Amino acid sequence: MSRSIAYNSSPLLASPTPVWRSKFIVAAIALAFVGLAGRAVYIQVIANDFFQHQGEVRFARTLSLPANRGRILDRNGVVLASSIPVPSIWAIPEDVDRDPVNLKKLAKLLDMPMADLNHKLENEDKSFVWLKRQVDESVGKEIEALKIKGIYQRKEYKRQYPEGEAAAHVVGFTNVEDVGQEGMELTFNKDLAGRNGSRRVIKDRMGRAVEDVGEQVAPVDGRDLQLSIDSKVQFFAYESIKDAVIKQKAKAGGIVVLDVHTGEVLALANYPSYVPDKRVNLSGEQLRNRTLTDSFEPGSTMKPFVIGLALNTKRVTPETQIQTAPGRLTIGSATISDSHAHGMLTVNEVIQKSSNIGTAKIALQMPAREMWEMYSSIGFGQKPQVPFPGAVSGRLRPYKSWRPIEQATMSYGYGLSVSLMQLAHAYTIWGRNGDLVPLSMLKVSGPVAGQQIFDPKVAEQVRYMLHLVVGPGGTAPKAQTMGYSVGGKTGTANKQEGHGYAAKKYRGVFAGLAPIDAPRIAVAVMIDEPTNGQYFGGDVAAPVFSQTVQQTLRVLGVPPDMTVKPQVVTDAVEDTF
């Protein structure tokens, strides 16, 4: 027997429901739907851009796709600078597991104090912080093995320099952002850097890319740069100048090696130097590229140019007699002197003995304007046309302000200043039969046209004089080189301090050519403040020239032109300042 339920027996169900209540409930529900629909319209249509932006801020990222920086190569394709991928360590501070044991291990691997690590991580509102960039691959693997939550790695490119300190002042270096800061890295940064690409992605809160958004822009790698430098010549030149600076207990030194045929820079070295990819506690003294950024009074290395001008204008011949007795010459209220009283000298011997008086007498036969124009045509007083940061122009005052004593002193290298690069470049004139070709830090292919400065016969005559300098009775027998004929000129100058000259501070200089009959290279050497008992250019700079010439000509495959050993004369004439 089924039982029927009497719903109207319940007093609640039996009571009548007011009509207004039903309508109110229906209206409330409808109003809620209208509100939701309005909100949806606001979000999807009216304020779409705002909410789209907020979503992108939280989850969309534009990832930079770094371009591979171009390599720097020597003239033979030897790598001087290249980029390698290395890990960089970063973190999401709010997600980092603060286990003290693991963080202590992490700090040790990053080679940073625990306090520094905590400082980087303490700002919890950050979603990204670099802990250390460009760590070694082995360090990256050890950090990965710790599996610390919130610690991540990103691949970046790090610059490496295989030639180290030997080529540091040529190549330079980049910063952590892979932007050139010195040397060729700075000069040709735009070409080497290329152009980074980009990738738009959606990331999850762990920093992982989960979806690509939009098109990917591929990176364009930088182009390789081939220099005129020969890495072997560069190494030998650096080792020679380094050994000389240490041996002479000098403040610093520099050397430049040029190809006479093309004007290419085969080597450019300074000491002290630095390791480009290990620049901890780097000082300004190490950074200075003295061959280009320092100018100095070149001393007697200027004498061949003044003699060359007198020969070119037919005021003298190599055999013209010049009276230099009694070893002193008064001009106005000033007196100049030679280191020895030589008496009557031919023009050849004026260069061989490095006579200040002989050179000054010849210089004073010429108008100051002629000397100034000759110096200017060589490039003195003008910035060298080489693509290198910080190259100086030196100093050459207008000829109208020259007094006779100043014209005399400028004939033997006082009162004007040059860089070592300018000096080496000038000496290529004597190796090229009187013409001057542009300098180049990049490899040159094909013949190079020069500007004629001296008559070819004059250049030949001056080369002979330079050869006399390194022979018996000259000022630089220590410049003689095993197997090769050489020629050059010494220079020794007091260093300027304030408005005067330091009593016991000198620069010893030597500039020359080899082989002397058919020159292939020009080499200029400068030793700054030697303090080990010797300071004449023939004693401190000429031996560096000799070593560098021998090694360089062998590397270039130039056959020896001498079959006998060089005759080193122990009683060489001292160079006159």
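Is Phe-24 buried or exposed? Phe-24 is exposed, with a relative accessible area of 56%. Here buried means under 20% relative accessible area, exposed over 50%, and partly exposed in between, with a 1.4 Å probe and protein chains only.

Some ground rules. This is a predicted model, where local features need pLDDT of at least 70 and side-chain atom pairs count only at pLDDT 80 or more, while totals for chains, interfaces and linings use all residues. Residues are numbered from 1 along each chain as its sequence is written, and side-chain values use heavy atoms, leaving out hydrogens and water.

Back to Phe-24, which lies in helix α2, residues 19–46. Helices are DSSP runs of H or I with at least four residues, and strands are runs of E with at least two, numbered from the N terminus.

Next, Gln-134. It sits in the loop between β4 (129–132) and α6 (137–146). Gln-134 is buried, at 15% relative accessible area. Its side chain reaches the backbone oxygen of Val-176 at 3.2 Å. Beyond four places in sequence, Gln-134 is in contact (heavy atoms within 4.5 Å) with residues including Val-86, Pro-87, Tyr-157 and Val-176.

Key: A polar contact is a pair of N or O atoms within 3.5 Å; within protein, one must be able to donate a hydrogen and the other to accept it, and residues adjacent in sequence count only if both atoms are side-chain atoms.
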